[in-house]
Amino acid sequence: MNKTIIAIAVAALGFIIGLGLLGNAIKNRNKSENTISVTGLGTKPFTSDLITWSGSFSKNNLDLKSAYDELASDRKVINDYLLSKGIKQNEIVFSSVDIQKQFRSYNDSNGNYVQGEFSGYNLTQKVSIESKEVAKIENLSRNITEIINRGIEFTSSSPSYFYTKLSTVKQEMIASATKDAKERAEKIAENSGSSLGNLKKATMGVIQITAPNSNEDYSYGGTFNTSSKEKEASITIKLEYEVN
C-alpha cells in the first residue's frame with residue numbers, strides 16, 4: 001500500500017511540474033509574440049563632388065619605334081590641350097602603352113580562318129583625369145572632338161561621378177530611417193491601445209545609390225550609380241519593439 005501511495009504522489013508531483021512548465025511555455029510564447037516589427041526608410045538626395053574621365057588614343061605602324069614616336073607626339077598634343085583647358089598637370093595620368101601585333105586575316109575557300117602576314121604594330125595608351133571641378137571636366141568630355149580635329153585617333157569614355165562625403169550621407173539616412181521606423185511602430189501601438197516597450201532588435205539594410213526618378217533596380221549587395229551627377233541614396237532599417 002505504501003508503494004501505491006508513493007507512486008500516486010510521484011505522479012501528482014509530475015503532473016504539477018508539467019502544468020508549471022506548460023504555463024511558462026505559454027507565457028513565454030505570448031511574450032515573444034507581443035512585439036512589433038517595422039521597417040523605416042531613409043533617403044537623401046545629393047550632388048556628386050568628384051568626377052573621373054578617360055580616353056584612349058592609338059597609332060599603327062609597321063615599325064615599332066616609329067609607332068611609339070608617333071604615339072608620344074600625340075600624347076604631347078593631348079597633354080598640352082588638357083593644360084590649355086585649365087586641367088592641372090597632377091590630375092592628368094597616362095597609362096603604360098599597350099602593344100599589339102596586327103596580322104591580315106581572311107577566310108579561305110572552305111570558310112576556314114587564316115591568319116596572314118604581319119601588318120604592323122598597334123599601340124594604344126589611355127589618359128585619365130580625376131578632379132573635383134566637376135563642371136569643367138564635364139565640359140571637356142563633351143568637346144573632346146577638338147582633339148580628333150587635330151588628327152588624333154581618340155576615343156572618349158563617359159564621365160563617372162562620385163561623392164567624397166558619403167559617410168555623412170549614410171549617417172543622416174540611418175538617423176532618418178530609424179526615426180521613420182520608430183514613428184511607424186508608435187502609430188501601430190497607439191492604434192492597438194498599447195505602448196512601445198524596449199527595442200529588441202535593429203537590422204540595417206544595404207545602401208542603394210541611384211539616379212533620381214530612375215527605374216534602376218536595387219541589388220542584394222547594394223547599387224552604386226556612377227553615371228549620374230545627381231544621385232539619391234536610400235537605406236532601410238528594421239526595428240523590433242516589445243509592446244506593453
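In strand β5, the residue that forms a bridge with Gly 55 is Val 127. This pairing belongs to a predicted model, in which local features need pLDDT of at least 70 and side-chain atom pairs count only at pLDDT 80 or more, while totals for chains, interfaces and linings use all residues. Residues are numbered from 1 along each chain as its sequence is written, and side-chain values use heavy atoms, with hydrogens and water left out.

Strand β2 (residues 50-61) is joined to strand β5 (residues 113-131) by eleven bridges, and the two run antiparallel; two strands are said to pair if DSSP finds at least two bridges between them. β2 also pairs with strand β6 (residues 154-156), in the antiparallel sense and over three bridges, and here Ser 56 stands opposite Thr 155. Three bridges likewise join β2 to strand β7 (residues 160-162), again antiparallel, with Thr 52 opposite Ser 160.

## The protein as a whole

The secondary structure consists of five helices and ten strands, where helices (H or I, at least four residues) and strands (E, at least two) are DSSP runs numbered from the N terminus. Of the 244 residues, 29% count as buried; buried means under 20% relative accessible area, exposed means over 50%, and partly exposed lies in between, with a 1.4 Å probe and protein chains only.

The accessible surface comes to about 15,500 Å², and 51% of this belongs to carbon and sulfur atoms; such areas come from the Shrake-Rupley method with a 1.4 Å probe, and for residues only the protein chains shown count as cover. Among contacts with a separation of 6 or more, residues 24 or more positions apart account for 74%, a contact being heavy atoms within 4.5 Å.

Leaving aside residues up to four places away in sequence, Leu 82 touches Ile 87, Ile 92, Val 127, Ile 129 and Leu 140. In soluble globular proteins, nonpolar side chains tend to be buried together.

## Ala 67 in helix α2

Ala 67 lies in helix α2 and, at 0% relative accessibility, counts as buried. Not counting residues up to four places away in sequence, Ala 67 touches Lys 59, Asn 61 and Leu 123. Ala 67 and Leu 123 are 56 residues apart in sequence, yet 6.8 Å apart in space from C-alpha to C-alpha.

## Aromatic pairs around Phe 57

A search of the whole structure finds seven aromatic pairs, where rings of Phe, Tyr and Trp (its six-membered ring) pair if their centres lie within 6.5 Å, and planes under 30 degrees apart count as stacked, over 60 as edge-to-face and the rest as tilted. Phe 57 and Phe 94 form an edge-to-face pair, with 6.3 Å from centre to centre and 90 degrees between the planes. This pair links distant parts of the chain, with Phe 57 in strand β2 and Phe 94 in strand β3 (residues 92-94), 37 residues apart. Phe 57 counts as buried at 1% relative accessibility, whereas Phe 94 is partly exposed, with a relative accessible area of 24%.

The rings of Phe 57 and Phe 154 have their centres 6.5 Å apart and their planes at 10 degrees, so this pair is stacked. Because Phe 57 lies in strand β2 and Phe 154 in strand β6, the pair ties together parts that are 97 residues apart in sequence; both residues are buried. Ring pairs link Trp 53, Phe 57, Phe 94 and Phe 154 into a cluster.

## Helix α5

Helix α5 (residues 166-191) has 26 residues and reaches 37 Å from its first C-alpha to its last, close to the 38 Å expected at 1.5 Å a residue; the expected span is 1.5 Å times one less than the number of residues. Its buried residues are Leu 166, Val 169, Met 173, Ala 177, Asp 180, Ala 181, Ala 185 and Ala 189, and they pack against β1 (35-47), β8 (196-204), β9 (208-210) and β10 (230-243). Just after α5, Gly 193 takes a positive phi of about 75 degrees.
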